[in-house]
Amino acid sequence: MGRSRRRDRLFRRAAVTAAALAVACAVLAQALPDSVALFVVRLGVIGFLLLGGTTCVVTGLRRHGAERWWRLLVAVMVLAAAVASAAVFRDTMAGRSPIPQLTPASLVYLVPLALGVAGVLLYPTDPVEHDDTGDGGPLRAYRWYVITILDGMIVVGAVALLVWVIVLRRTVEQGGPLGPGPLYSIILAAVSLVVFVVLILVAVFREPRDGRGHALLLAGVCAASISAMWELAVLIHGMDDVPRLTDLPIGIGALLIGLAAISTDPGSDPDASTGTATEAAGMGWAVGPSSDRRAASARLRRWHAILPYLPLTAAGAAVVIEIVGDDVERWEEVWALLALLLLALARQMMTMSDNIRLLGQVEEKRRQLRHQAFHDPLTGLANRSLFIDRLERTLRRQPRPAERFAVLFCDLDDFKRVNDILGHAAGDDLLRITAARLAGCVRAVDTVGRLGGDEFAVLLVSANADDPEAVGRRLAAAVRAPVRLTSRTFTVAASVGLVTVDPETESGADVPGTAEQLLHRADLAMYAAKARRNGEPAVYTPELVGPGLGRTRAARNVPLP
């Protein structure tokens with residue numbers, strides 16, 4: 001916990017420092033004269049690139065495996081950009097054009113850009129969770145892959161349309177050959193764009209282990225790509241100067257990449273913490289990082305849902321601005337945007353279908369949880385809570401004519417002997433068999449419940465249609481039927497107590513006020529049947545409460561009525 005707090009403090013300080021540097025550079029660029037502002041911005045960009053690249057190197061050397069290599073490879077890209085920016089700064093100091101003059105040697109920068117792509121692909125991620133074993137089986141996995149492919153098409157198509165509207169369309173319409181500068185700028189900008197698109201696709205198809213670090217890396221590469229596109233647009237439009245803030249996004253991107261490199265603690269490697277996590281799990285403790293990981297995973301799912309629509313929104317806005325501000329009809333751009341919108345619509349329809357399926361699963365889980373809360377897990381009968389609830393409802397309907405009902409209490413006489421001789425597994429089998437026999441002796445409108453151990457209760461509603469004592473004899477005979485347990489045949493007897501409630505024949509004082517009191521009377525009758533040992537059900541009467549029965553109840557710590 002202390003290491004986590006130190007990591008958070010370090011990250012917050014670095015983030016505040018980076019924000020202060022970026023704001024200060026932007027303010028100076030706007031406040032100083034043009035020549036001095038360009039000097040300050042480009043010098044600041046070099047410092048930002050060196051700071052971000054060095055941070056990646058230092059943090060990478062402290063890590064292992066993929067955590068090290070993605071930092072070092074991205075550091076090569078950032079430090080190479082620092083060298084290129086130094087060359088541009090040298091030209092600025094020499095009084096040359098403020099627009100960077102690219103030469104064939106500039107294409108050497110493609111090598112560190114390729115290493116940057118490799119670093120992006122090495123960023124530690126896990127597959128985005130999807131249901132390929134539940135309802136739908138392989139079809140569910142197929143639908144998930146279709147959604148990810150649609151996301152990739154939306155992202156790539158939207159970014160391509162955006163670059164076309166902002167930069168490339170004017171070049172194509174001019175029709176003439178490109179000069180060396182614009183040509184090299186297009187190549188470098190295209191490769192920078194590939195890095196950006198690859199990072200978005202990784203975010204769509206995979207789940208980063210550190211969502212904050214991946215978001216910062218995405219923002220950093222995005223800022224560098226924006227700066228490259230901006231400079232390319234300046235070249236394509238034939239401008240003689242560049243806005244003073246054109247180069248600043250590259251430096252800001254380097255700072256964001258540096259923050260991504262320090263966003264995770266070097267001591268939080270899974271390999272390093274396996275022993276502690278295992279020990280904590282063995283002692284029954286909740287492991288903090290796992291809980292944090294689950295919470296981060298839930299947040300990332302929301303980002304996975306909206307991420308493809310961010311470049312689509314930007315491309316749509318660019319197309320609308322282009323159509324409104326230009327008298328020439330741009331039908332090809334409109335059709336391209338409509339095609340992307342159709343892909344987005346198909347993606348949304350599949351997402352809605354998945355949401356409906358998930359809602360159905362939630363409802364089914366709720367039904368299962370409710371069933372588990374009110375039913376005995378061993379026998380599937382109503383548990384004590386459900387039985388008492390139904391008995392309370394039956395009592396609340398009293399007194400009504402023709403609403404006679406009865407409660408039977410059933411206890412197995414030799415259950416302990418079965419457990420002692422054959423073991424608890426055989427005892428569980430006997431309980432399941434007894435539950436099935438009891439349920440088979442009553443109607444569907446009646447309730448059979450297991451109150452605990454070898455005690456069962458039966459609620460007979462509208463008992464006028466059947467004699468409760470006859471039902472009790474039928475239950476006792478069914479339980480006494482021989483049963484086969486672990487290759488041995490047993491005959492287990494049952495003691496049945498019975499209490500009947502008939503509002504037409506009983507006074508209000510004789511009707512019990514609560515379900516527990518009524519069940520208690522049936523329990524007393526059951527003990528009377530157990531004392532008689534004749535296999536006949538005993539009917540509750542007030543005379544059952546005698547000294548002998550009182551001593552039996554006291555031995556079980558059960559209060560007398």
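1. Quick convention before anything else: a residue is buried under 20% relative accessible area, exposed over 50%, and partly exposed in between (1.4 Å probe, protein chains only). This is a predicted model, where local features need pLDDT of at least 70, side-chain atom pairs count only at pLDDT 80 or more, and totals for chains, interfaces and linings use all residues. Residues are numbered from 1 along each chain as its sequence is written, and side-chain values use heavy atoms, with hydrogens and water left out.

2. Two backbone spots to look at. Most residues other than glycine have a negative phi. Arg533 has a positive phi, near 60°, and sits in the loop between helix 17 and strand 9; with a relative accessibility of 75%, Arg533 is exposed. (Helices, H or I with at least four residues, and strands, E with at least two, are DSSP runs numbered from the N terminus.) Thr486 also has a positive phi, near 50°. Thr486 belongs to the loop between strand 6 (483-485) and strand 7 (488-490), and its relative accessible area of 49% makes it partly exposed.

3. Now strand 8, residues 494-501: seven of its eight residues are buried. Strands pair if DSSP finds at least two bridges between them. With strand 9 (residues 538-539), strand 8 pairs in the parallel sense over two bridges, and Gly497 is opposite Ala538 of strand 9.

4. How do helix 13 and helix 17 cross? The axes of helix 13 (residues 384-396) and helix 17 (residues 515-532) come within 9 Å and cross at roughly 105°. Axes here are lines fitted to C-alpha atoms over the stretch in contact, with angles from 0 to 180 degrees between N-to-C directions. The two helices are therefore roughly perpendicular (65 to 115 degrees). Contact means heavy atoms within 4.5 Å; among the residues making it are Phe387, Ile388 and Leu391 of helix 13 and Leu518 and Leu519 of helix 17.

5. Last, Thr55 in helix 2 (residues 34-61). Thr55 counts as buried, at 19% relative accessibility. A polar atom of the Thr55 side chain lies 2.7 Å from the backbone oxygen of Leu51. Leaving out residues up to four places away in sequence, Thr55 touches Gly258, Ala261 and Ile262.

Notes: Parallel < 35°, antiparallel > 145°, perpendicular 65-115°, else oblique. Polar contact = N/O pair within 3.5 Å; in protein donor to acceptor, adjacent residues only side chain to side chain.
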